[in-house]
Amino acid sequence: MTASRPSPLTLPSGLFISFEGIDGSGKSTQIKLLAQALRNEGLDVVLTREPGGSTGAEEIRSLVLEGDPDRWSAESEILLFTAARRDHLEKTISPAIEAGKIVLCDRFADSTRMYQGMSRGDLRTVVDQLHSLMIGREPDLTFIIDMDPQVGLARAKSRQTSEERFEDFGEALQAKMRAGFLGLAKEYPDRCILIDGAREIELVAADILSQTQAKIANHAVPS
Ligand code: ADP
Ligand code: TYD
């Protein structure tokens, strides 16, 4: 006879955590480690990513991440990324939060604030206006993984995928994005935690886990 596995624990109000930082900073590595660590504690975790995370948004993902770097203007990209995010929020993120789950999201609106808001001219106001009109939600907690742009780009390039439109903008863009993310951490101190991504993978993971546990402790977990 096999013992039945207890159902994963949910939180009374769910928790929404995003990971941000330049390409190659270690977001995907760290988000998977955090998901595993929280699941080991019996918590109900949804691991998702942007652009993507729902069927419609994954279709938009290939439109924005593949092909010629000049394929879209920054303005068109804002619309595409926001359309993808709206679908992701409706189909994946909001239902999971309402069910009391912990949603871990690899990039969210801060990436649009940075990449479309800063990379080709100053479009930050447009990004923020569209965000409040169509999305209107921020994560409860955002880990910004900080990393030297040269190291980040070398790590990202070593992956060899077809999703290289943004990596093809090069090191100057990476440096600008890094400075932008550091600025965001100051702009939203209540939800952003800056993480030094230059350390060993395990050390970064332990740091992120302890900060997450502290956040969860503010949410009562039903027994
Ligand atoms: P991102 O999702 O931010 O683009 P990844 O997690 O995909 O970054 O990491 C990019 C590459 O760098 C991967 O090959 C990964 O194994 C490696 N990597 C991630 N974190 C570290 C680290 N702390 N030290 C060394 N290499 C790392
Ligand atoms: P991602 O798959 O997270 O790439 P990486 O693992 O290299 O960090 O994201 C792909 C690219 O999409 C990344 O270069 C940043 C870009 N991006 C935007 O430009 N705007 C956005 O709103 C999002 C979510 C991503």
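Modeller: Helices (H or I, at least four residues) and strands (E, at least two) are DSSP runs, numbered from the N terminus. This is a predicted model, in which local features need pLDDT of at least 70 and side-chain atom pairs count only at pLDDT 80 or more, while totals for chains, interfaces and linings use all residues. Residues are numbered from 1 along each chain as its sequence is written, and side-chain values use heavy atoms, with hydrogens and water left out.

In sequence order, the elements of the protein chain form the pattern β-α-β-α-α-β-α-α-β-α-α-β-α. That gives eight helices and five strands. The radius of gyration, taken over C-alpha atoms, is 17 Å, close to the 17 Å that the globule rule (2.2 Å times the number of residues to the power 0.38) gives for 223 residues, so the protein chain is as compact as a globular protein of that length.

Buried means under 20% relative accessible area, exposed over 50%, and partly exposed in between (1.4 Å probe, protein chains only). Asp-146 has a relative accessible area of 16%, and is therefore buried. Across the protein chain, 50% of the 223 residues are buried.

Contact means heavy atoms within 4.5 Å. Setting aside neighbours within four places in sequence, Asp-146 touches Arg-178, Leu-182, Leu-194, Ile-195, Asp-196, Gly-197 and Ala-198. For the protein chain, 79% of the contacts with a separation of 6 or more join residues 24 or more positions apart.

Terms used: Chains are lettered from A and ligands numbered from 1 in the order in which they are written.
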